[in-house]
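The sequence and structure come first.

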Amino acid sequence: MVKATGPARPGQTAALGTALVSAQCRLLDISQHVAFGSVSFEALIEAPDDIDVASVLPTAGDIFGLDCRVEAVAADDEAQWQQDADARRWILTLMGERLGAEVMAEVGTLTATQGLTIERVKRLSASPELQRADAPIEAAGVCLEWRLRGEPADAEALHEASLALAERFDVDVAIQPATLWRRQGRLVCFDMDSTLIQAEVIDELARRHGVFDEVAAITERAMRGELDFQQSFRERMSKLEGLDESVLAEIAESLPLMPGAERLLRLLKRLGYRTAILSGGFTYFARYLQRRLGFDEIHANELVIRDGKVTGEVAEPIVDADRKALLLGQIAEREGWEMAQTIAVGDGANDLKMLAVAGLGVAFHAKPLVKRQARQSVSTLGLDALLYLLGYDETELKTLDRGAV
């Protein structure tokens, strides 16, 4: 094994390669990495017994400032490398407004406890400042991607420990398999209320109609398990009978988008994703978002309006948790995509089935119960943090945003 390190300069690989040729070496494998202005170069070689490889390397080192050394490789080492190469890989994405040395240490301890080896840590966010005192939640934030190797000792314990670590340091810790599908996603499906927008539309409608307390009481009964989603939805809708249609337009125009939503949708479209809204809310507002953000398709509940008034009825079928999961699968099948190529994003219990069947299911700014049951979650950054989970870094995204791919 030939190892060389030093300040990164052009021509170093050529010089080392020339030195190895002069030593009559056969190149078996090679790795080179540059970070913070320094280069690390490793070459696995096979050399004739009568050639002293080390005696050839100082010439290149003297000229290019590299510290070179040669180490003999034992047969056991090669066997271990092969075993490592065949091991399962994982991606741990660490995100937050700031990331300090303490959280780095805790992530290292977490992975070590589970028997996982850290192969690489890479920054995906733009700023080199990992600790910023005044980063707003709508900023891109800080993101590090950790590439791990091995099989977790206890996958459930790893998930629970990740959630505890995230809560303790106010960060997000997402762990997913490092598969070939990660950058081959084709479909992204979003819940609408409290995911794409910072509001629950039915609550806004109830406020304008003067029945908010009554609607909230029905919601509370549903949360206690006294009503299922469809029952509670119909009861809440009945309270809106007589609401003027003009109120819908007023509310639609004032809906606050979730931070990062516009950037995320713009970049997803440029990356070739198909985007859809799968919502237990209303098509009236989903269509508004479709026009504003460019969604390819929407599936939500249709308000029945007669003579300019909301009737309190809703057209069948009602989009509930089961239907969301069904629709996601139907879209993927219609387009000829694998389920591994689908992504789902939502915040509520009504989204859990959709998150479970998607290749990547992300609970976004969700309640603790939903975060615990979902495989991935984002709570500290904006909606465009989804791009980090897909493996894109800010250099790539800024280039994409300029259209200079």
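Predicted model: local features only at pLDDT ≥ 70, side-chain atom pairs only at ≥ 80, totals over all residues.

The protein chain contains 16 helices and 16 strands, and the structure holds 36 salt bridges.

**Overall form**
- The C-alpha trace of the protein chain spans about 95 × 45 × 45 Å along its principal axes.
- The protein chain has 405 residues, and 45% of them count as buried.
- Among contacts in the protein chain with a separation of 6 or more, 69% are between residues 24 or more positions apart.
- The protein chain has an accessible surface of about 19,600 Å², and carbon and sulfur atoms contribute 50% of this surface.

**Charges**
- Side chains of opposite charge can pair when their charged atoms come close.
- One network of salt bridges links D84, R89, E119, R147 and R149.

**The K122–D393 pair**
- K122 and D393 form a salt bridge in which the closest N and O atoms are 3.5 Å apart.
- K122 is partly exposed because its relative accessible area is 33%, whereas D393, at 10% relative accessibility, counts as buried.

**R263 and its two partners**
- R263 and D384 meet through their side chains in a salt bridge, with an N to O distance of 3.0 Å.
- R263 is in helix α10 (residues 261-270) and D384 is in the loop between β16 (376-378) and α15, so their pairing joins parts that are 121 residues apart in sequence.
- Both R263 and D384 are buried; for R263 the relative accessible area is 17%.
- R263 also forms a salt bridge with E394, where the closest N and O atoms are 2.7 Å apart.
- E394 lies in helix α16 and R263 in helix α10, so this pair connects parts that are 131 residues apart in sequence.
- E394 counts as buried because its relative accessible area is 4%, under the 20% cut-off.

How values were computed:
Residues numbered from 1 in each chain as written. Heavy atoms only, no water. Helix = DSSP H or I, 4+ residues; strand = E, 2+ residues; numbered from the N terminus. Buried < 20%, exposed > 50% of the residue type's maximum accessible area, 1.4 Å probe, protein only. Contact = heavy atoms within 4.5 Å. Areas by Shrake-Rupley, 256 points an atom, 1.4 Å probe, with all protein chains shown as cover. Salt bridge = Lys/Arg side-chain N within 4 Å of Asp/Glu carboxyl O.
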